[in-house]
Amino acid sequence: MRSLPPPATIGILGGGQLARMMVVEARRIGYRTIVLDPGGADAPAAQISDDFVEAALDDGAAARRLAERCDVVTLDTEHIPADVLYELEDACAVRPGGRILALIQDRWEQRTFVARHDVPQPVHALVTSPETLASASAKTGFPCVLKTTRSGYDGKGQARAQDPEELARGWEDLGQPTAVLEEFVDFEREISVLLARGRDGECRFFPVAENVHVDHILHTTRVPARIDSAIESEARSLGSRVAAGLGYHGVMAIELFVTADGRLLLNEIAPRPHNSAHFTLGGCATSQFEQHLRAVCGQPLGDPSPLGACVMLNLLGDLWSEREPDWEAVFRHPLARLHLYGKVEPRPGRKMGHVLVVARDARRAEDEAESVARHLGVASPSTTHRPVTGPTPDPAFG
Ligand code: AMP
């Protein structure tokens, strides 16, 4: 792997909040950045990058023009067509490349890869027609979750079913040629393993994060996760197995369910910096963004150790429904750090920013985050702890 020290130029496909924070860190270090995004100059990352290209994420010719000006290209979303990435690979280094993206973008391929590497995951089956629903659900049982094979995120392209009738309706509603049916996991908590895999294959781990989703969208991340050390080390070992199996270089996240009997089941792989690792910018000696830049530029990795206990609250567009939120209410909390992504249009469910609290201990971080949430009008992080539910319908699901 070629070493690309500053002032090398890094291209980023997708100009959202993850790219924006890569650019913040790249500027501090002295790397140059060019961002490609359909939003042009308004895209969160393009607002602060050295240059940008206004183009659709599937515009191969535009991506090629960008790559020709870069030393390495990376991405802030896995929704870049793998074919676009293949086309760049002779212009500059592409991390991750088309091979990894092709595998991640297809949920069935991803599940098959995970099984091949002996990483436990929910019981699942491929559905290719209405006729195959019965054999698939015989395998998963009810309740189950039907997910489109391609292009799903934040619960989009998913339908939960309690019985065969609901499953048949879910299939109709998704309207896709193929889908993956999964058992509904009655998890106790959700965690993410956040790691960087460097040039020599060495993995460095950020602290495992505990995540609470509301309506499928990340609401709160807590560090340290409330898991024992045996589960933490098992989670890390699954993460490194996935990263090594992919031959991945960069920061990635593995989302896992933890069941009441202490099993870990892989939900999803994200081959990029991750929303649940925002706490690392301010809460760790090296942020996920700097670590990703180091890894994709073939530099030695930094120290991912935590600097304290962290609580991160996501700020969604819903908060803007009447007026700009009262930011002074955040600034009145000395341990809270406000991050706004510069998105022009605050749509409901859209990730607009987050607040990170870093404190000496978990109690203090929790209290401060609770107070910020109350003052901003965000649902309380403590009442959003997922209750351990039985197979009762969740109206928010699907
Ligand atoms: P995904 O888009 O697959 O990451 O799913 C978003 C969220 O939906 C997850 O973080 C879980 O909270 C929930 N979810 C997804 N798949 C399952 C499953 N098989 N069982 C239970 N909950 C799930």
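Is glutamate 328 buried or exposed? Glutamate 328 is exposed, because its relative accessible area is 52% and the cut-off for exposed is over 50%. This residue also has a charged partner. Its side chain meets that of arginine 332 in a salt bridge, at 3.6 Å from N to O. Keep in mind that this is a predicted model.

## Three domains

The protein chain is divided into three domains. Domain 1 covers residues 9-105, domain 2 covers 123-183, and domain 3 covers 189-376.

Now look at where domain 2 meets domain 3. Their C-alpha centres lie 29 Å apart. At the interface, 5 residues of domain 2 are in contact with 5 residues of domain 3. About 400 Å² of area is buried between them, and carbon and sulfur atoms give 34% of it. The side of domain 2 that touches domain 3 has no nonpolar residues, 2 polar ones and 3 charged ones. Even so, the count of salt bridges between domain 2 and domain 3 is 0. Across this interface, 1 residue pair is in polar contact.

## Salt bridges

The salt bridge count comes to 23. One of them pairs arginine 32 with aspartate 50, with the closest N and O atoms 3.8 Å apart. Arginine 32 is partly exposed, at 41% relative accessibility. Aspartate 50 is partly exposed too, at 30%.

A second bridge spans 161 residues of chain. Here arginine 107, in helix H5 (residues 107-116), is linked to glutamate 268, in strand S15 (residues 264-270). Their side chains meet at 3.3 Å, N to O. Arginine 107 counts as buried because its relative accessible area is 7%, under the 20% cut-off. Glutamate 268 is partly exposed, at 22%. Some bridges also share partners: Glu25, Arg28, Glu290 and Arg294 are joined into one network.

## Two buried helix residues

Glutamine 105 is found in helix H4 (residues 98-105). This residue is buried, with a relative accessible area of 13%. Its side chain has two backbone oxygens to note. The backbone oxygen of isoleucine 80 is reached at 2.5 Å. The backbone oxygen of glutamate 78 lies 2.8 Å from a polar atom of the glutamine 105 side chain. Beyond its neighbours in sequence, glutamine 105 touches residues including His79, Pro81, Thr149 and Ser151.

Leucine 66 is found in helix H2 (residues 60-67). Its relative accessible area is 0%, so leucine 66 is buried. Among the residues it touches are Gly11, Leu13, Ile34, Leu36 and Val73. Leucine 88 is 22 residues away along the chain, and the C-alpha atoms of leucine 66 and leucine 88 are separated by 9.2 Å.

## An enclosed helix

Why is helix H10 (residues 288-296) described as largely enclosed by the rest of the structure? The reason is that 8 of its 9 residues are buried. Among these buried residues are Phe289, Leu293, Ala295 and Val296. Glu290, a member of the salt bridge network, is buried as well. Just after H10, glycine 298 takes a positive phi of about 65°.

Most residues other than glycine have a negative phi, and most peptide bonds are trans. Some places in this model differ.

The bond from proline 6 to proline 7 is cis, with omega near 5°. Proline 7 lies in the segment before strand S1 (9-13). A cis bond also joins arginine 95 and proline 96, with omega about 0°. Proline 96 is in the loop between strand S5 (93-94) and H4.

Next come two residues with positive phi. Aspartate 215 has a phi near 50°, and histidine 216 has one of about 75°. Aspartate 215 lies in the loop between strand S12 (209-214) and strand S13 (217-223). Histidine 216 lies in the loop between S12 and S13. Aspartate 215 is partly exposed, at 49%, whereas histidine 216 is buried, at 19%.

Methods:
Residues are numbered from 1 along each chain as its sequence is written. This is a predicted model: local features need pLDDT of at least 70, side-chain atom pairs count only at pLDDT 80 or more; totals for chains, interfaces and linings use all residues. Side-chain values use heavy atoms; hydrogens and water are left out. Domain bounds come from an automatic or database domain assignment. Contact means heavy atoms within 4.5 Å. Buried area is the accessible area (1.4 Å probe) that two parts lose on being put together, summed over both. A salt bridge is a side-chain nitrogen of Lys or Arg within 4 Å of a carboxyl oxygen of Asp or Glu. A polar contact is a pair of N or O atoms within 3.5 Å; within protein, one must be able to donate a hydrogen and the other to accept it, and residues adjacent in sequence count only if both atoms are side-chain atoms. Ala, Val, Leu, Ile, Met, Phe, Trp, Tyr, Cys and Pro count as nonpolar, Asp, Glu, Lys and Arg as charged, and the others, Gly among them, as polar. Buried means under 20% relative accessible area, exposed over 50%, partly exposed in between (1.4 Å probe, protein chains only). Helices (H or I, at least four residues) and strands (E, at least two) are DSSP runs, numbered from the N terminus. Lists of a residue's contacts leave out its neighbours within four places in sequence.
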